[in-house]
Amino acid sequence: MPDLFRSRAFKSGLAYAGLFTVSAVILFAVVYWQTAGYMQNQLHGVIDHETQTLVGAYHEGGLAGLKNAIGDRLESGNNDNHYLLAVHNRRLAGDLAARAAVVGWSRAYRSVQPGDTMADRPDDGRIPLVLRGTTLPDGAVLVVARDAQQLAALRARLVDAVLWGLVVVLLLGAAGGALMGRAALRRVERINRVAGRIIDGDLSQRVPDSGRGDEFDHLARHLNRMLDQIERLMESMRQVSSDIAHDLRTPLGRLRQGLDTAREQAQSPGDYRQAVDRAIAQTDQILETFSALLRIAQIESGSRRARFARVELSALVETLAETYAVVAEESAHVFSADIQPGVAVRGDRELVTQALANLIENALTHTPPGTRIEMTLRTRDGAAVLSVADNGPGIPADARTKVTQRFYRLEASRTRPGNGLGLSMVAAVADLHEAKLTLDDNAPGLIVSLRLPIAG
């Protein structure tokens, strides 16, 4: 419980409760003043009307006529209205004391009378009055009064309502703060449990999403995306370590065997020179493999996104097409390009160039002479689609998901040059650019497509 009361959610709940309380006080005050003011105006209106009526009776019949009119009203039994006609502080008519002869608006009290109902009887035995005194032409003072018990009772009820409202709002605010705090702490605790399992080594754990779409769900989604990326990178590191152990062991073994053979069998400086040349060539191949691995790791880290800029893809593809048309002609391949002008994407120009070059070189390397290779660039559904298609032997369907893995090669004997990292780099560049890389059957042959978002 102490953690609950110290939680920001609980304090926020109390803050909202305080704000709501202030708002409720202002609302109650406005209702109080508006309601009380309206009833007071109504009361003053009744007194004004009665005063004007009696002044009219005075103008018609003088003091005698006014006294008769007051007497008739008192005999009618209306206990809400009270009157006084006084001259020189001496009462001539009415049921009010002579001291009430005050000109203008005033307030006074009267004692409870036998004719008053129980609803009109206050606890202190006094009923408030609102009075208006008017001076007549002959110097007499006419006072008309009316009971204000209902107005006083309404004000008392409104004050009670305000006080009880404040108590209820504060209690609801405290309860709401406690509920918010408990809910927030439960969700934070779930995140803590997931984090603890991840620290213990279970990278498959994810923060649960309640589906409410609130701030905690947004946080959970961002954390899960981060955990997905971390898991991919960790898996990639494990895969790289395993691949290096398996795929570089053979060339390193060959290098050592060649050097050992040269040490035991070389008979002349020429033999040693040939052995050294072979060792340098094998070392260069190993260094090239490590360089490609480091480049892929750099791409997968996402640091190159800071270098993203507008890339005129059509111009880039045209340049590559001109370059590789010569290479294809030398290797007896038939190369063609169909490029839509004016296509641009946002990305790293160097990496995009490397990825496209890898696709073309793969087609040239792994297809026999005479194979047709066609490169196309088109826009489709808001994306730039670049395809490299050939009518060569293609790739079996069950191997298309594997060729983008590091060091994976269809040729088990590995007599052809290469390190099995070309398509791995293309896949890494595609992920960096949030592009989609697909390998499909070209019937016959293979078609590799790279779908890049068009620059805005």
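Modeller: Among contacts in the protein with a separation of 6 or more, 64% are accounted for by residues 24 or more positions apart. This is a predicted model, and the protein in it has 9 helices and 12 strands. Of its 456 residues, 36% are buried. The protein exposes about 26,800 Å², and carbon and sulfur atoms supply 55% of that area.

With this background, the surface patches can be described in turn. One is a patch of positive charge, in which Arg182, Arg186, Arg190, Arg193, Arg197 and Arg212 gather. One of these residues, Arg186, lies in helix H3, which covers residues 149-199. Arg186 has a relative accessibility of 46% and therefore counts as partly exposed, because that class lies between the limit for buried, under 20%, and the limit for exposed, over 50%.

The other patch to consider is nonpolar. Met226, Ile230, Met234 and Met237 make this surface patch, and its area is about 360 Å². Met226 is found in helix H4, which runs over residues 215-247. With a relative accessibility of 41%, Met226 also counts as partly exposed.

Note on methods:
Residues numbered from 1 in each chain as written. Predicted model: local features only at pLDDT ≥ 70, side-chain atom pairs only at ≥ 80, totals over all residues. Heavy atoms only, no water. Patch = residues over 30% accessible without salt bridge, like charges linked within 9 Å, V, L, I, M, F, W, Y side chains within 5 Å. Areas by Shrake-Rupley, 256 points an atom, 1.4 Å probe, with all protein chains shown as cover. Salt bridge = Lys/Arg side-chain N within 4 Å of Asp/Glu carboxyl O. Helix = DSSP H or I, 4+ residues; strand = E, 2+ residues; numbered from the N terminus. Buried < 20%, exposed > 50% of the residue type's maximum accessible area, 1.4 Å probe, protein only. Lys, Arg positive; Asp, Glu negative; His and termini not counted. Charge placed at Lys NZ, Arg CZ, Asp CG, Glu CD. Contact = heavy atoms within 4.5 Å.
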